[in-house]
Amino acid sequence: MLRKLLILLIVVAFVILLTVLMSVLERGREFGIMKAIGTKPSEVFKLIMLEAFILGFLGCSAGVVLGMIPSLYLTYIPLNLASMGEYMEEFSLEPYMYAQFEPRMVFWTFVIIFFFVVVMSIFPALRASRIKPTDVLRLQ
């Protein structure tokens, strides 16, 4: 179980990394212009990290709210599997499946995913802060 969770978290981390990296690469010209007019590399880095922080917080919050709705629903109103009667009896399973809502799991999921968003945004932010305006603006 722990190995499956670890693999899932690694996949989530790389999806976050690739999303932020694509966002930065698509706006390379904008960062090049910002650097050309005198924006410091540290300011570009802070801008991208702030963007990642805000998007991470909003995304995690929306995920918690949207995830809690079906979880709370299935905690009190079980999933009826009675239509699969013969299969349920064959495997000695209950005909109703309840969800188990645990508030601490909601909290830790929020913290872990938010941590991944912040950590995985460091590399794209560093890359954008090191962009040379001449290289980016010459290409386009």
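Surface patches are assembled here from residues with over 30% relative accessible area and no salt bridge, joining like charges within 9 Å and nonpolar side chains (Val, Leu, Ile, Met, Phe, Trp, Tyr) within 5 Å. Accessible areas come from the Shrake-Rupley method with a 1.4 Å probe, and for residues only the protein chains shown count as cover. The model is predicted: local features need pLDDT of at least 70, side-chain atom pairs count only at pLDDT 80 or more, and totals for chains, interfaces and linings use all residues. Residues are numbered from 1 along each chain as its sequence is written, and side-chain values use heavy atoms, with hydrogens and water left out.

**Nonpolar patch**

L50, F53, I54, F57 and L58 form a nonpolar surface patch of about 490 Å². F57 belongs to helix α3, residues 41-76; helices (H or I, at least four residues) are DSSP runs numbered from the N terminus. The relative accessible area of F57 is 42%, so this residue is partly exposed, on a scale where buried means under 20%, exposed over 50% and partly exposed in between (1.4 Å probe, protein chains only).

**Salt bridges**

A salt bridge requires a side-chain nitrogen of Lys or Arg within 4 Å of a carboxyl oxygen of Asp or Glu. Side chains of opposite charge can pair when their charged atoms come close. The structure contains two salt bridges, tabulated below.

| Salt bridge | N to O distance |
|---|---|
| R27 and E51 | 3.0 Å |
| E102 and R104 | 3.4 Å |

The side chains of R27 and E51 meet in a salt bridge. This pair links distant parts of the chain, 24 residues apart: R27 is in the loop between α1 (2-26) and α2 (28-36), and E51 is in helix α3. E51 is partly exposed, at a relative accessible area of 27%. In the other pair, E102 counts as partly exposed at 26% relative accessibility, whereas R104 is exposed at 57%.

**Helix α6**

The buried residues of helix α6 (residues 122-129) are P124, A125, A128 and S129. Because they cover an arc of only 135° around the axis, they lie on the same side of α6; the arc is that of the directions from the helix axis to the C-beta atoms. Their cover includes α1, α2, α3 and α5 (103-120).

S129 is buried, with a relative accessible area of 6%. Not counting residues up to four places away in sequence, S129 touches K35, P41, V44 and F45, where contact means heavy atoms within 4.5 Å. A polar atom of the S129 side chain also lies 2.8 Å from the backbone oxygen of L126.

Terms used:
Helix = DSSP H or I, 4+ residues; strand = E, 2+ residues; numbered from the N terminus. Polar contact = N/O pair within 3.5 Å; in protein donor to acceptor, adjacent residues only side chain to side chain.
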